[in-house]
Amino acid sequence: MNILMFGPNGSGKGTQGSLIKGKYNLAHIESGGIFREHIGQGTELGKKAKEYIDRGDLVPDDVTIPMVLETLKDKGKDGWLLDGFPRNMVQAQKLWEALQEAGMKLDYVVEILLPRETAKNRIMGRRLCVNDPNHPNNIFIDAIKPNGDKCRVCGGDLKSRADDQDEGAINKRHDIYYDTTTGTLAAAYFYKDLAAKGQTKYIELNGEGSIDSIKQTLLNQLP
Ligand SMILES: [Zn+2]
């Protein structure tokens, strides 16, 4: 089974991916990892990508798409879950064409829906327990709200990551994600249209539920 996953930063997309991959034995492939591996292993495409990155330029689609395809073929023989790509409408179209040419099926496209303000709060509300990074705390999520200013699990001190408090960077990422004309949501809707024509299946999940309820809703809609 091959799955493409959409969701804004802060929607728990990565978490859902890692929760469901085991059941279907999918390779969980993240866009950042594709670049790191190709560059790390010094593949032809990786070398090309590195030239652009070193110059501070965006890697063009005619390098990125073949890189994604190679990784899907290599690692996703038994099925894959692709996360973080495509980021825009043009990439969505090119990826679809490339999959068709490779004879690879796209079984499901999953979109986690979350209002932009909520997504931003979820990122900015994250707190890390100094005793255990696996103690989830978030001042904007009732189910995991800290106990005063202490960890809700162990009472330890909490801190926040600088990245999570960088509102400018969060807004920049969300500007791209929530752009329904040419951005990431436009890419998602491209596949939604294909689903309406019966060429793939599209699953929408309400991202405001708990991690468990979202996972359950998703599993209920997969075979
Ligand atoms: Zn703790």
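## Buried cysteines and annotated sites

Cys 129 is buried, at a relative accessible area of 5%. Buried here means under 20% relative accessible area, exposed over 50%, and partly exposed in between (1.4 Å probe, protein chains only). Cys 151 is buried too, at 1%. Across the whole structure, the search finds zero disulfides, a disulfide being a pair of cysteine sulfur atoms within 2.5 Å.

This is a predicted model: local features need pLDDT of at least 70, side-chain atom pairs count only at pLDDT 80 or more, and totals for chains, interfaces and linings use all residues. Residues are numbered from 1 along each chain as its sequence is written, and side-chain values use heavy atoms, with hydrogens and water left out.

An unreviewed UniProt entry lists "binding site" positions, among them Ser 31, Val 59, Gly 84 and Arg 173. The listed positions span 143 residues in sequence, and the farthest two C-alpha atoms are 31.1 Å apart, so they do not all gather at one spot. UniProt positions follow the numbering used here, feature names are shortened, and annotations may be inferred rather than shown by experiment.

Val 59 sits in the loop between helix H3 (44-54) and helix H4 (61-75). Gly 84 lies in the loop between strand S3 (80-83) and helix H5 (89-101). Helices (H or I, at least four residues) and strands (E, at least two) are DSSP runs, numbered from the N terminus.

| Residue | Relative accessible area |
|---|---|
| Val 59 | 15%, buried |
| Gly 84 | 17%, buried |

Contact means heavy atoms within 4.5 Å. Leaving aside neighbours within four places in sequence, Val 59 contacts Phe 35, Ala 49, Tyr 52, Ile 53 and Thr 64. With residues up to four places away not counted, Gly 84 touches Met 5, Lys 13 and Ser 31.
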